[in-house]
Amino acid sequence: MKMRLLPMVLIALVVVANASAYFHMELIASLRPSAPTASFARPPPCQVSRSSVALVYTDFDEETFPPPGWAIDGGTWTRDAGHKGQGAINTVKSKYEKGHQVYWNASISSYYSLWAAVKVRGDPEKTYKGIGFLDYTRSKVYEISIHTDKLKIRSYVDSWKEHEYEKIKGGVSDYEWYTIVARYTVTGNSITIEAWAYRPDGTLGAYTSATIDGKRFFQPAYVGIHAWGYPNPRYDDFVASTGDPRTISFSAPAPVSVEIWDDAGVREFTGNGTYFSVTVVRDIVLGRGYPGSIRVYNGTTLCGEYRGIVLGSDAFKIYMLASYSACPAGTCASVAWRAPVVSVAAVNISTTQPFTAKLIYSGHSGSLAGYSVEIRLVGAAPSTPIIISGGAVTSNETNIVALRIGSKNYVNLTASGPYPLTLNLLLELCPSATPPRGVCLYYPLNLTLRP
């Protein structure tokens, strides 16, 4: 956008004093251009997006018990000190029939394979404490538990049967927290249950598995925590997921390193690479379930940060800025992102006055074939998108949105495609949302994808 200085203007002012006398004066006026009313600003060089396959999680730090969406089936359950923050405890004897459960009150019967994980405290040793998979009547249960110093798989169908067990290396200690991970897979009229027990330091203590069929086979319909035996078993950090909750995965277009911090400011885990996983069995529901953070480093430089919930089985995708350049005063910008699939705040927009705006597609360089693109302007609210699909631009401008004063406006880009592509856009900035919209300004913006 070109700005031109207006020349100095000399204005002759003639004043009529009376019919016979004239006075001549010269007034010098200097006209100067105003500063731009909006400007593009560099986005964070790394951005992080989270995808989760967890169906449900809780760290039992919710204000009510059971947590919202959960139900109690037997026992006297309440909140008590957990691994971090609050946990759950059953304060009465549960040595009756199928025992006592707190379960997620939503059906899992459509899942023929599912993972679950929970933390249990080592005491009392003579209580079976762990994960329960229940049938739709909640009269049958598959139990995956720690009992004394063993990891066990049992079933209750009219009576209890122990299917498999494995002794936990190093034993089980009072007041220490152990992580139980279980996975079931239903095939025809049988179910295979795998179970792992991890020690407080995250090392594997035991693994066992069992295949169950005949009259003891049923399709799990509910999942939760389970107790059978003496009072006061304790639980924390429960998650059920279609993915493996022992790890979280990362992908980036170039090598990065990550630090995973809990809500109390403790660095729990680290990892590095381009495609890599981090083992998180020590803290599958990070911290106390409050937003933790993932810090991303490019070399030794902190280039981006994610703040929010972090659960085992989550996947994080890291997008990296390839280049950024702006015209003087930020009145135009060119931005390139390195990623085959991008979902980023591609560029930030700062305004000094209340304006309305929209984005307009004005052309491209490269092929649109194979590309799927949505571009939105996000101000006080998100706009409708510019859409590229099937090798063509199917929607060439957004609707009009109000921009917030300051830098809390941005262009959101979601795109995937096989080749480098540059999209040429115009940001239209006007005083009003309705015609006549007043004097509008146009700011060029070029967005480049580099798969």
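Analyst: The charged end of Arg154 sits over the ring of Trp228, 5.1 Å from the ring centre. Here a charge sits over a ring if NZ of Lys or CZ of Arg is within 6 Å of the ring centre and within 35 degrees of the ring normal. Arg295 likewise lies over the face of Trp261, at 4.0 Å from the centre of that ring.

The model is predicted, so local features need pLDDT of at least 70 and side-chain atom pairs count only at pLDDT 80 or more, whereas totals for chains, interfaces and linings use all residues. Residues are numbered from 1 along each chain as its sequence is written, and side-chain values use heavy atoms, with hydrogens and water left out.

Charge pairing comes next. Side chains of opposite charge can pair when their charged atoms come close. The structure holds 21 salt bridges, a salt bridge being a side-chain nitrogen of Lys or Arg within 4 Å of a carboxyl oxygen of Asp or Glu. Asp262 forms one with Lys84, with 2.7 Å between the closest N and O atoms. This pair links distant parts of the chain, 178 residues apart: Asp262 belongs to the loop between strand E20 (247–261) and strand E21 (267–279), and Lys84 to the loop between strand E7 (77–81) and strand E8 (86–90). Helices (H or I, at least four residues) and strands (E, at least two) are DSSP runs, numbered from the N terminus. Both Asp262 and Lys84 are buried; buried means under 20% relative accessible area, exposed over 50%, and partly exposed in between (1.4 Å probe, protein chains only).

Lys84 also forms a salt bridge with Asp283, where the closest N and O atoms are 3.0 Å apart. Asp283 lies in the loop between E21 and strand E22 (292–298), 199 residues from Lys84. At 2% relative accessibility, Asp283 counts as buried. Lys84, Asp262, Glu268, Arg282 and Asp283 are linked in a network of salt bridges. Elsewhere, Arg307 forms a salt bridge with Glu305 at 3.4 Å between the closest N and O atoms. Arg307 is exposed, with a relative accessible area of 62%, while Glu305 is partly exposed at 33%.

Ring pairing follows. Rings of Phe, Tyr and Trp (its six-membered ring) pair if their centres lie within 6.5 Å; planes under 30 degrees apart count as stacked, over 60 as edge-to-face and the rest as tilted. The count comes to 16 aromatic pairs. Phe133 and Tyr184 form an edge-to-face pair, 5.0 Å centre to centre with 85 degrees between the planes. Phe133 lies in strand E11 (residues 128–134) and Tyr184 in strand E15 (residues 177–187), so the pair ties together parts 51 residues apart in sequence. Phe133 is buried at 0% relative accessibility, and Tyr184 is buried with a relative accessible area of 0%. Ring pairs also link Phe60, Phe65, Trp70 and Phe238 into a cluster.

Finally, there is the matter of strand pairing. An open sheet of six strands has the order E3-E26-E32-E28-E29-E30, with antiparallel pairing; two strands pair if DSSP finds at least two bridges between them. Strand E3 (38–41) and strand E30 (392–395) stand at the edges with a single partner strand each, so one side of each is left without a neighbour in the sheet. Strand E29 (residues 386–389) and E30 pair in the antiparallel sense over three bridges, and Ile388 stands opposite Val393 in E30.
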